Structure formats: C-alpha cells, structure tokens
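Student: I'm new to this one and would like a close look at a single part. Could you take me through the place where the two chains meet?

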Amino acid sequence: MTPIVLAVTECLCLAIAAPAVVGYVRWLKARLQGRRGADFLQPYRDLRKTFAKGMIIADTTSWIFHLTPCVVVASTVAAAALVPVISASQPGDQLGDLFALMALLILGTIFLALGGLDPGTAFGGMGSSREMTVAALTEPTLAIAILSLALTAGSTSLGTITNTLLTTPANAIGPGHALALAAFLIAMLAETGRLPVDNPATHLELTMIHEAMILEYSGPYLALLEWAAALKLTLLLTLASNLFVPWGIATSLSAGALALGLAAVLAKLALLATLLAVLETRVAKLRLFRVPELLAVSFTLALLAATSSFFTR
Amino acid sequence: MSEAALATALTACAAGAVLAMVWPSGAGARRLSLASACAGCSAALVAAITVLQGSLSWTWRSEALLQPLGGVSLRVDPLGAFFLLIVAVTGAPASLYALGYLRHLDGQVRGRAVHALFNVFLAGMCVVPLADNVATFLFAWEVMALSSYLLVVSDPEQEGAAAAGLWYAVMTHAGFLALLAAFVLLGQGGPLEFPAMRAGAATLPPASQGVVVLLLLAAFGSKAGLVPLHVWLPRAHPAAPSHVSALMSGAMVKLGVYGTIRVLFDLMPPLSPWWGGAVLALGVATALTGVLYSVAEPHLKRVLAYSTVENIGLIFVGLGFALLMRAYGNGVLAAMGLVVALLHTLNHAVFKTLLFLAAGAVIHGARTSSLEGLGGLIKRMPHTAVLCLVGVLALAAVPPLNGFTSEWLTFQLLVAGARYTEPALAIVLPLALAAVALVAGLAAVSAVRLFGIAFLALPRTDSARDAHEAPAIMRAAMLLPAAGCIVLGLIPTLAVAQLTAVVSDLGLPMGQLDTGFALVLPLVGSQLWPIAIAALLGAGAVVAAAVAQTSRGPVRTDTTWNCGRIAQSPRQEYTAAAFAEPLKRVFTGFYRPTHEVSLDVHPVSPYFVRGITLRADFAPWMEQTLYTPLIRAARWVSGQAGRLQTGSIHLYLAFLPGALLVLLLIARWIR
Amino acid sequence: MQLFTKILRTGIVTEPLPDRASSAVMLAREIDRRARALFGRALAIRQVDAGSCNGCELEIAGLPGPVYDMERFGLHFVASPRHADMLLVTGPVTRNMAVPLRKTYDATPDPKLVVAVGDCARTCGVFAGSYAVVGPVDRIIPVDASIDGCPPEPADILQGILAALGRIDAGRRE
C-alpha cells in the first residue's frame with residue numbers, strides 16, 4: 001500500500017468517523033442525563049437530511065458567504081491529512097508539521113468569522129468576535145505544547161514525534177508529558193467549542209460562540225460546516241491520542257499492524273469521547289470573560305511542561 | 001550591468017523630480033515624473049537581483065560630491081542590494097498607484113511638489129543601503145527624512161497632519177544626532193568610512209562599544225518603530241498620502257532594520273549575549289504593543305501602521321535571536337535567524353504595500369477613513385475587495401500566502417534554538433515563542449476585523465453607500481504586490497535562495513534550507529510544502545463546492561434572518577469597537593480605557609434624559625510616562641532660555657564677544 | 001462525585017410513547033410525501049411563540065427532558081429558522097407577532113412543516129375575538145398538523161410531531 005493511498009485512506013477514515021464521534025458523545029450525555037437519547041448514527045441522518053434541504057441566501061451577503069463553507073471544509077480536511085491516524089509513517093510530514101496544522105485550523109476559523117460578519121447580523125458579529133478572541137488566546141498554549149513535544153522528540157513533525165515516543169517510551173514518564181497533554185486537551189476544548197468554553201447544544205444566542213456564526217447558513221452549506229466542526233473535533237482528539245499515547249499505532253504497513261492500528265485509534269477515540277461527555281455533564285459553561293482565565297491555566301501548564309522538559313533532558 | 005542599472009535608477013528619480021517641477025502641464029508632469037519613478041524602481045530591481053544572483057560586491061567613489069564631508073562612497077554588496085530590492089518592490093506599485101490616486105492634484109503646485117518629493121524620497125531610500133561612508137549615509141538619511149516629512153504634512157485637509165509631522169521631525173532628527181554621535185565614537189578619530197570602522201571595531205573599548213550599540217539601536221530602532229520609540233509611526237503613516245504611507249511602512253522602516261544589521265552584524269564584532277537578549281525582548285514587546293493597538297484602533301490606516309510596528313517587532317525577534325546565537329558561537333542558527341528576519345522584511349514589505357494601497361483606494365472611494373463609517377464595500381468595490389482580502393490573509397499569516405512562511409520559520413527558529421542551546425535560554429525562548437504565537441493569533445483577529453467591518457455586511461454611512469471603485473490604474477498597481485504575496489507564499493525558495501548570498505557575505509555559514517519547492521529544516525526535521533498545501537486546499541474547496549451544488553434542494557434569495565424584525569438596518573451590525581471588545585477587556589491593563597459619559601437632560605427636569613453620549617478612549621500611557629516629561633522639560637528649558645531675550649540691544653551685542661571668548665577657550669582646551 | 005452517584009442511582013427514566021396518537025392530534029392536510037421521506041428520522045424544530053401565555057411553552061420545554069426525550073426519535077430544537085425543518089407554533093397570533101411569524105416561515109428553507117400546538121393556535125382558545133389577536137395560526141401560515149389542549153400534554157405534542165412525520169398514525173383528520 002503506497003504511502004499516498006495510506007494517507008488518503010487515513011484522511012477518509014477521519015472524515016467518515018467524525019459524525020460518529022459526535023453522535024457517541026451526544027448518546028453518552030443523554031444516558032448520563034437519564035434519558036435514552038438517539039443512537040450514535042444520528043448525526044449521519046441529520047447530515048443526510050440537511051444536505052437535501054433547500055438553501056436560502058440572505059440578500060446582504062456576498063461571495064464570502066459562499067466561499068466560507070468551502071474554505072472551512074478544505075482547511076479542516078488539509079489539517080486532517082497531517083494527522084497520524086492508523087500508521088506512524090506519515091507522508092503528510094512532507095506537507096507540513098504541527099505549526100502548519102494549527103495554521104490551517106486558524107484559516108478555517110478566519111473564514112468562519114468572515115462568514116459570520118457577512119450577513120450583517122448582530123449575532124453573527126458577536127460569534128465572530130468571540131471566536132476570534134478565543135482562537136487568539138489559545139495560540140500561545142498550543143505553541144508551547146508543541147514546543148514541549150518537540151523538545152523531547154527533536155522535531156515538530158508529527159510522524160517524527162509519534163515515532164520517537166514509540167521507540168523511547170521513557171520520554172513519556174515524567175510530569176512534562178502529562179502536563180502538556182492536559183494543556184493540549186484544555187486548548188482543544190476551546191478550539192472545538194465544547195463545554196466549558198462553549199455549549200454546542202445551546203439555542204440561546206447570547207451564549208453562543210461557534211453556533212452564532214452559522215445562524216444564517218442553511219442546506220448543504222450548513223451540513224458542510226457542521227461536518228467540518230465534527231471533523232475538527234475528531235482530528236484534535238486523534239492528535240491528542242496519537243501524539244501523547246501512540247502505542248498501538250501501526251509501525252509497518254502489514255495488514256495485521258494496520259488492523260491493530262485502526263482498533264487502537266478507535267479505542268482511544270472512544271475513551272477520549274467518553275471523558276469529554278463526562279466532563280460536559282459535570283461542568284457548566286463559563287462566562288465568556290472567565291474563558292481567558294481557563295486559557296491562562298492551560299498556558300501555565302504548558303509552560304511548566306516545556307521547562308520541565310528542559311530539566312529532565 | 002548592475003552599475004548601469006543603478007545609475008539608471010538614480011538618474012530616473014532625479015529626472016522625475018525635475019520633470020515634476022518644470023513640465024508645463026500638470027497632468028503631464030504627474031505622468032512623466034511617476035513613470036520616471038517607476039522606471040527607476042524597475043532599474044533598481046534589476047540591479048539588486050543581478051547583485052544577489054551573482055553575489056557581487058563593488059564600490060564607487062567620488063571626491064567631488066559632498067567634498068567638505070569626505071566625498072560620496074557607495075558599496076554595493078548583497079545586504080545593501082537586498083534592501084534596494086525592497087525599496088524597488090515597494091516603490092514600483094506605489095508610483096503606478098499615484099498615477100490614478102493623485103489625479104485631482106493636477107492643477108495645483110502642491111501636486112507637482114508631491115511628485116517631486118516622491119522621487120527625491122525614492123532616491124534617498126535607494127542610496128541609504130548602498131552608502132559606504134558616514135557622510136553619504138547621513139546625507140541620504142536626511143534627504144529621506146526631510147522629503148518624507150514634507151510628504152506627511154503635504155495635505156492641508158488631513159487633520160492632525162501638522163502634529164504628526166512635528167512628532168516625526170523631532171524624533172527623526174533626534175535619531176540623526178544619535179547616529180552622528182555613534183558614528184563619531186565608532187570612528188575613533190580616524191576617517192569616517194565604513195571599511196575603516198569595520199577594521200577598527202575590534203579595538204573599541206567595551207564602554208564605548210556599549211554606548212555605540214545603545215545609540216545606534218535607539219536611532220535605527222526609532223526609525224524602524226521599536227517600542228518605546230515608535231510613537232511617531234502611528235501618527236505619521238496615516239497622515240501621509242496612501243502611496244507614501246506604503247513606501248514609509250514598506251521601505252523606510254526597513255532601512256532602520258538595515259542599519260541595525262549593517263552595524264551589529266557587519267561593522268561590529270560579535271557582541272555579548274545580553275545585547276541579543278535585549279533586542280529579542282524589545283522585539284517581543286514591540287510586536288505585542290503593535291498588535292494590541294492594531295486590534296483596537298478605529299482608524300483604518302492607523303490599524304495598518306500599528307500592524308507595521310508589530311511586524312517590525314517580529315523582524316527584531318529574528319535579529320535578536322541571530323545576535324544571541326552568534327554570541328554563543330552557533331553560526332548555523334545565527335544564519336537561520338538572519339535569514340528569517342530578512343525574509344519577513346521582504347514579505348511584510350510586499351503585503352503592507354498592498355494593504356496601504358488598498359486602504360488608500362477605500363478612503364478614495366468611500367470618502368471616510370474610519371472603520372466605523374465603512375461597510376458593504378465588497379459589493380461596491382469588488383476588485384479592491386479581492387485584492388485587500390489577499391493582503392489581509394497574508395497579514396493574518398495563513399497558508400499558503402507569504403506571511404505564513406516567515407511566521408512558520410520564526411516558530412521553527414525558536415524551537416530549534418530552545419532545543420540546541422544553553423539552559424540560560426530555557427525560560428527566554430519558550431516565552432518568546434508564546435509571545436510570538438499570541439501575536440500571530442491577535443494579528444488574525446485584527447485582519448478579520450479590518451476586512452469584515454470595512455467590506456462586509458451593510459454600509460454604515462452614506463459615504464460608504466455611495467462608494468465607487470478605484471480607477472483601473474490603481475487596481476493594476478495593487479495587483480503587483482498581490483501577485484507577489486501569492487508567488488512568494490507558494491514558492492518561498494525564490495526569496496530564500498537570494499538570502500543565502502546575503503548571509504554568507506556577512507560571514508555566517510548557511511545551512512541548506514530548501515529542496516526545490518519545499519522548505520526543509522534539517523535542524524528541526526520539519527518540512528513545509530506550500531504548493532502541495534495550496535493544491536490540497538484548492539481540491540478540498542472544489543469538492544465541497546461540487547457537493548453543495550449537486551445535493552441541494554431549491555435555492556432562493558431572501559432577506560437576512562434578523563429575528564423577525566421589520567427591516568435590516570446597519571445599526572444592527574457589529575461595529576469595529578464592538579468586535580475588539582472582548583480583547584479590550586482581557587488586556588484592560590494594557591489599554592487603560594477611559595470612559596466619559598455625558599447626559600443631555602430636558603431643561604424641565606433632570607429625570608427626562610434626551611440623550612446619552614459615551615466617549616471611550618485609551619489613555620496614551622506610553623506618551624504620558626515617557627514623552628510628556630521630556631516635552632515638559634524641553635518647554636521649561638526653553639522658557640528659561642527665553643529669559644535671555646530681554647530686548648536690550650546692548651546685551652545682545654555683548655553676547656558676540658562673549659561667545660567668541662568661550663569658543664577660544666574651548667579650542668584652547670581641545671588642543 | 002455526588003452527581004455521578006445520583007446519575008447511577010436514577011438510571012433511565014424515559015417513558016415509552018403509545019403507538020397511536022390520542023384524539024388531541026389532528027392532521028390539517030395531506031403531508032407532502034417528499035417532506036415525509038426526507039424527515040423520516042432526523043428533524044430540526046424551531047419553536048415560535050406567537051403571543052402564547054407560555055403554558056404550551058412549559059409543556060414543550062418538557063420534551064427534551066429525560067421523561068419524554070424527543071431526541072430518541074431524532075428530533076432536536078434549533079435556534080435559527082434557517083436550520084429548521086418544522087415550525088412548532090403556539091399562541092393565538094397577536095397583532096405584533098403576525099409579521100414576525102410570517103417572516104419566520106419565509107426564513108425557513110423548503111421543504112418544511114408547521115405544527116400548531118394548543119387550542120389557541122388552532123382556534124384562538126380563550127382569546128378568540130380579542131382586539132390584540134389577528135386569528136389562528138392557519139390564517140398567517142399553512143399548518144400541517146395541530147394538537148389540541150390547553151395546554152396539551154407533552155406526550156400529545158410528541159405524538160403530533162411524529163404523526164406529522166408519518167411515523168405514527170394520526171388521531172383525527174380534518
């Protein structure tokens with residue numbers, strides 16, 4: 001199986017699994033709330049229905065409105081192409097590294113914000129403003145988390161980080177690794193708009209961040225944006241699991257190793273999704289002006305991780 | 001070949017200046033002088049590329065010109081040629097742009113003066129990177145400063161232009177004095193020529209060395225826009241005509257960077273790591289200051305001016321890193337730092353030119369320069385909107401444009417440094433990395449705000465509603481830097497290859513940084529392939545669009561959903577101030593916001609309120625803490641000196657022999 | 001931790017829904033077959049309060065809760081009519097809400113359904129003839145199903161929605 005075919009397959013795996021991850025989180029939250037809930041395939045039905053709906057284009061919008069869903073999908077897929085999913089041999093490394101991945105996610109965020117400002121509604125502007133603020137404030141945390149990974153692995157390239165951790169598991173022992181993982185997960189909550197930063201299931205516009213920007217979208221554009229958000233969550237969860245706890249990932253291209261890699265990543269995704277659902281049941285949404293405090297906590301954790309990596313080398 | 005091209009460039013600028021004043025018809029004067037400027041820039045570009053490609057280095061001397069000061073001495077080496085390239089790359093679009101932008105000044109003498117000064121400004125900026133002795137350098141520096149000052153104050157209708165010009169004039173001349181003092185110290189009594197200074201710099205006593213570096217950092221830093229000497233920049237750049245602002249932000253501040261590199265990397269030997277650390281810290285502080293103000297400013301061109309301050313900060317982060325690595329003896333990382341700083345210099349010049357020209361087009365078309373008064377311009381100025389979007393995305397540093405390349409390299413640089421060097425840097429470099437990442441995020445906020453508020457949604461004022469598209473020549477002029485942003489972003493190795501020549505000429509060994517179309521950093525093992533990323537993005541967007549087209553149901557256009565209200569009005573849109581509000585709250589310690597609320601009550605009773613006015617502003621704490629005491633002290637001193645003007649002619653006559661006596665005593669003492 | 005022990009102790013409290021709709025549910029007209037096919041297992045609902053006393057809203061607010069759990073049928077509430085497939089309208093339509101109701105309907109993309117909840121929505125209820133009331137919902141927008149009651153029980157509301165989707169048999173037809 002040539003590397004390019006493998007990379008495309010991995011990317012497709014993430015794309016196809018994304019709504020299932022979101023569906024599983026919703027199902028588990030329903031069960032924790034004492035109700036039956038829809039099964040984990042419900043988001044696929046939602047997407048199928050939304051794709052077939054008609055669209056209404058607002059007359060105050062411009063071509064930015066049409067361009068936004070395409071760019072958001074393209075940037076999220078391009079970021080997903082860089083993530084090691086099943087195999088540690090990463091042809092995506094030739095495209096870019098962790099910093100490039102973060103920049104691709106920011107590209108999607110920028111266009112989402114522009115798409116929120118385009119119709120000229122107050123809620124769209126509010127969502128765009130809040131989303132850009134949160135995105136800007138998570139940048140330092142992510143940069144330092146990448147630095148602490150790069151200090152032990154010697155590179156910011158995703159395949160190299162994964163492989164280094166597989167060959168020298170001793171690097172994972174010590175506070176730096178765990179702190180970096182904690183910081184990364186908190187930053188991930190902010191990036192993907194989950195509780196306690198943003199409630200994905202709210203219908204109160206004054207509490208929305210991500211949802212407020214897509215209030216004007218309908219039909220296939222809406223479906224593309226929802227699916228891209230699910231893909232962003234899935235790829236960040238996969239990144240957290242395969243960069244910090246890569247054991248199980250395939251190091252060779254044999255069928256057995258790949259099957260094991262697939263099973264391993266699904267198990268890790270299921271575990272992280274379970275933790276996410278439990279967290280979302282336990283905490284309430286933070287006020288917007290308390291979110292920077294949360295991000296400052298994650299930044300401190302990341303900085304501690306980076307400096308402890310210096311001293312344990 | 002490069003000699004001829006350079007001579008052509010300078011002659012063309014001189015000819016342009018003369019033609020602007022003497023040509024009988026105003027329109028002809030404009031066309032000829034600006035065409036001449038454009039030709040001069042193109043010739044300079046050819047000269048610069050020739051020198052860089054061939055790693056040439058030649059000198060030219062003339063004792064006849066500037067004879068009392070020691071003659072004119074030029075030296076064209078790769079570093080000077082690179083900055084000449086930056087001036088050319090900025091000047092050519094600006095001169096084409098002015099053909100359409102200043103058409104309304106055709107009948108006035110002021111128009112001729114502006115075109116002549118523009119040519120003189122370009123000529124000055126072309127000579128500064130090539131000067132090889134102090135006389136030439138300072139002469140060209142002063143020509144550049146004077147012509148740009150006159151251009152800043154040239155528009156009588158621009159409010160605040162006179163005050164801006166005053167700040168600019170005072171600070172640039174203070175810098176001039178610092179430069180003069182530093183060069184005199186560096187000369188150590190010998191001839192004030194750069195080769196002599198280079199040879200003798202190793203023997204400079206350390207105290208002198210410290211003073212020299214401090215003075216030069218202050219002078220060049222002030223010109224570049226380093227905090228806290230940046231205060232002239234957000235005043236002067238918005239007041240100048242837009243093509244001049246583009247030149248000032250794109251080329252003139254880079255000459256401050258040039259001066260720093262020339263002195264610290266070329267003339268002087270490796271300095272102690274403290275200087276490198278200081279430059280790095282100043283760079284970080286500058287970047288943070290610039291980006292925080294650019295997020296919150298309502299004036300379109302001031303946003304861009306503060307963004308220039310931010311990018312200069314990022315350039316100085318690279319320079320500080322290079323100085324640090326040089327002090328620690330790590331030549332490869334020092335070379336990489338210098339390359340990154342120079343690459344960002346070029347990238348910033350290209351996209352800032354585009355943005356200032358686009359801002360000029362917006363102000364020209366919509367007749368208002370505040371973000372709060374714009375809106376909906378994407379429908380009224382569609383081509384300008386597309387070009388501005390390219391510039392804004394480069395500003396936000398997103399792949400695959402050129403802003404992203406230099407930002408990615410800066411990140412890699414700081415990671416490589418943190419991995420390979422002293423524990424002493426264990427705190428400094430991660431904090432610098434975090435700060436640069438925050439700056440990058442905030443720059444994205446500023447970019448979205450700039451484009452979103454100015455171009456999207458509904459027009460907020462009548463003048464925005466009646467906006468008209470810029471003339472074709474202005475759009476064509478903007479197309480040049482836009483194409484540059486895209487090409488430099490997709491194929492960064494075009495620029496990196498030229499920088500190899502510059503860096504090795506400065507004596508720093510250059511590691512292999514590229515393989516064909518991808519940037520490869522062997523030190524850190526990471527790779528960036530912008531063309532592949534662009535292809536992936538393009539393919540993804542096309543597939544998404546195809547899916548949306550084929551799968552949907554009926555499509556119709558309708559009014560915006562505004563919760564069932566009767567009509568959509570621009571009052572419902574988010575304003576520029578509102579967009580930045582969450583960040584203003586987070587960084588309230590930096591912004592020090594002031595609120596003034598005044599009530600307009602009915603004369604009958606104070607309980608009937610007719611209107612409430614809120615005035616929200618920032619306290620300019622940098623000016624208040626650093627500059628106001630200086631200004632007050634200067635006023636006090638001049639007040640005291642005014643006491644000498646008693647009005648008595650006898651006292652004034654007595655001053656003459658008194659001054660002569662003092663001068664004789666000083667001369668005696670020096671002997 | 002007390003929260004999770006409570007969750008474990010409480011368990012699933014969702015009540016099963018009867019297969020046949022009660023007599024409160026009424027289909028106003030033949031539902032578009034295409035709409036039924038599309039919305040079979042996934043439906044986004046936008047609730048519109050066209051001047052109601054909020055009694056119906058209190059009952060509707062019980063639908064996403066653990067006892068009635070509308071999510072198990074694939075139904076969920078959305079904030080924007082652009083995202084919606086069905087409008088759930090309550091209240092006699094007051095003068096001030098007539099235009100917003102019409103605008104909400106126009107803002108919803110096709111295909112769409114409308115379900116009127118409560119006596120007020122079908123016949124203006126106790127507010128019939130008031131100077132502030134324009135008329136029942138079907139005077140402003142076309143209604144596909146209605147649910148009687150003042151207020152109707154959440155189970156009836158749920159059955160009304162499912163009947164409009166064709167997933168259970170309707171109680172009455174008009």
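Predicted model: local features only at pLDDT ≥ 70, side-chain atom pairs only at ≥ 80, totals over all residues.

**Where chain B meets chain A**

Tutor: Let's start with the head count: 72 residues of chain B are in contact with 76 residues of chain A. On chain B's side, the elements that each supply at least two of the touching residues are α14 (377–380), α16 (402–420), α17 (425–455), β5 (526–528), α21 (530–551), β6 (555–558), α22 (576–579) and α23 (581–586). The largest share of that side comes from α17(B), with 15 residues. Sorted by class, the side of chain B that touches chain A has 49 nonpolar residues, 15 polar ones and eight charged ones.

Now zoom in on β6(B), because there the chains join strand to strand: four bridges link it to strand β1 (residues 55–58) of chain A, and the two strands run parallel. To find one of these pairings, look for M55(A), whose bridge partner in β6(B) is V555(B).

To get your bearings in the rest of chain B, note that it is divided into domain 1 (270–512) and domain 2 (621–635 + 646–670). The centres of those two domains, taken over C-alpha atoms, are 44 Å apart.

One more stop is helix α20 (residues 493–505) of chain B: its 13 residues, at 1.5 Å a residue, should span 18 Å, and its end C-alpha atoms lie 19 Å apart, which agrees. Among the buried residues of α20(B) are A495(B), L499(B) and D505(B). After α20(B) comes G507(B), with a positive phi near 90°.

Conventions: Residues numbered from 1 in each chain as written. Chains lettered and ligands numbered in written order. Expected span 1.5 Å × (residues − 1). Buried ≥ 20, exposed ≤ 12 C-beta atoms within 10 Å, placed from the backbone. Contact = placed C-beta atoms within 7 Å. Nonpolar A, V, L, I, M, F, W, Y, C, P; charged D, E, K, R; others polar. Domains from an automatic or database assignment.
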